[in-house]
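This report covers a surface patch, a helix and the nonpolar cores of one model. The structure comes first.

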Amino acid sequence: MVLARTEAMHRDADGLDTKSPEAILQLLNDAQIEAAKVPLDAISEIVDAAKCFARTLSNGGRIAYAAAGSSGLMALADALELPGTFGIPRDRIIIMLAGGVEALTNLAGAPEDDVDQALSDFKTNGLKKGDCLIAISASGSTPYALAALTEAKRVGLETIAIANNAGTPLMQTADIPILLQTPPEVVAGSTRMGAGTAQKIALNLMSTLAAIHLGHVHDGHMVNLHADNIKLRVRAARIVASIAGCTQAEAEKRLAESNGSVKAAILLAAGAKSIDAARELLEGTGQKLRPALSELEGNKASHQNRT
């Protein structure tokens, strides 16, 4: 039987436990760096996935992540940060994690085989056509992730899969398969290492590109962040000041007027007559700041010409 890449022995693992601590860490670090380069081979598929992700949210659908074990932790890390970083409503993000909440303190292996739980989680979350499901599994055959993916296909969701082995059920089932062919792990089968690193990078790339498509990033600024602590409120004001070219005090004032909306605050600081006018501009541009600013400048120039 041919071992999957994620189960095979690493080429430099012989005598691993006899090496010096420094040599072991060098090998582990080198393997992580090698794994981190792998998503570059799947850029085209990640682009397609990001478009699907953004399209789903734009059309009112939800994004669901389905995974188990270490892959579940990678999915969780990506999903949980989307509301705060990009202002995506929490109820538009679904997390299906084998073992449920208990897995956050006891990441047992058995739940990843629970097909019935995957189907129950799918039903409980009310996933339907118009939503998108992302299944993640290093092996590409984890029963929980595969059951969720298969059910999503049956119901008519758009589907994305991320796996580290080629020719596996996840790769063969998904509409958009993202193959991350990471080398064998230094500790064979320990996919929290190289495979997990590549998964996290691919998820970061996909969700960040989707947020850019949605207009939540402007010149490298997160202009749709949810500022719910001191650090983020300071960041929000700094973003408004940088883009609108105003003082920090002016930025803070405009953020108060906009109830914390960074995009609206920028438009107010740039000359929008009222919060309603700022919101109308954003509504007309699909919540994209750059065309809203251009339209505002055009309106101002037109008014100046008339006067």
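## Surface patch

In this predicted model, I43 has a relative accessible area of 37% and is therefore partly exposed, the class between the limits of 20% and 50%. I43 belongs to helix 2. Together with L40 and L205, I43 makes a nonpolar surface patch of about 270 Å².

## Helix 3

Helix 3 runs over residues 69-86, which is 18 residues. After the helix comes G87, with a positive phi near 70°.

The buried residues of helix 3 are G69, S71, G72, M74, A75, L76, D78, A79, L82, P83 and F86. Their cover includes helix 2 (43-58) and helix 7 (194-213), along with strand 1 (63-67), strand 2 (93-97), strand 3 (132-137) and strand 6 (217-218).

## Nonpolar cores

The largest nonpolar core has 34 residues, of which F53, Y65, I160 and M206 touch the most other members. At least two residues each are supplied to this core by helices 2, 3 and 7, by strands 1 and 3, and by strand 4 (158-163) and strand 5 (176-179). Helix 2 gives the most, with 7 residues. A further core of 28 residues lies apart from this one, with I239, L255, L268 and A270 among its members.

Leaving out residues up to four places away in sequence, Y65 touches F53, A75, D78, A79, L82, I93, I94, I95, M96, I134, I136 and L203. Among these contacts of Y65, A75, D78, A79 and L82 are buried residues of helix 3.

Definitions and conventions. Residues are numbered from 1 along each chain as its sequence is written. This is a predicted model: local features need pLDDT of at least 70, side-chain atom pairs count only at pLDDT 80 or more; totals for chains, interfaces and linings use all residues. Side-chain values use heavy atoms; hydrogens and water are left out. Helices (H or I, at least four residues) and strands (E, at least two) are DSSP runs, numbered from the N terminus. The expected span of a helix is 1.5 Å times one less than its number of residues. Buried means under 20% relative accessible area, exposed over 50%, partly exposed in between (1.4 Å probe, protein chains only). Contact means heavy atoms within 4.5 Å. Patches are made of residues with over 30% relative accessible area and no salt bridge: like charges are joined within 9 Å, nonpolar side chains (Val, Leu, Ile, Met, Phe, Trp, Tyr) within 5 Å. Accessible areas come from the Shrake-Rupley method with a 1.4 Å probe; for residues, only the protein chains shown count as cover. A salt bridge is a side-chain nitrogen of Lys or Arg within 4 Å of a carboxyl oxygen of Asp or Glu. A nonpolar core is a set of buried Ala, Val, Leu, Ile, Met, Phe, Trp, Tyr and Cys residues joined through side-chain atoms within 4.5 Å.
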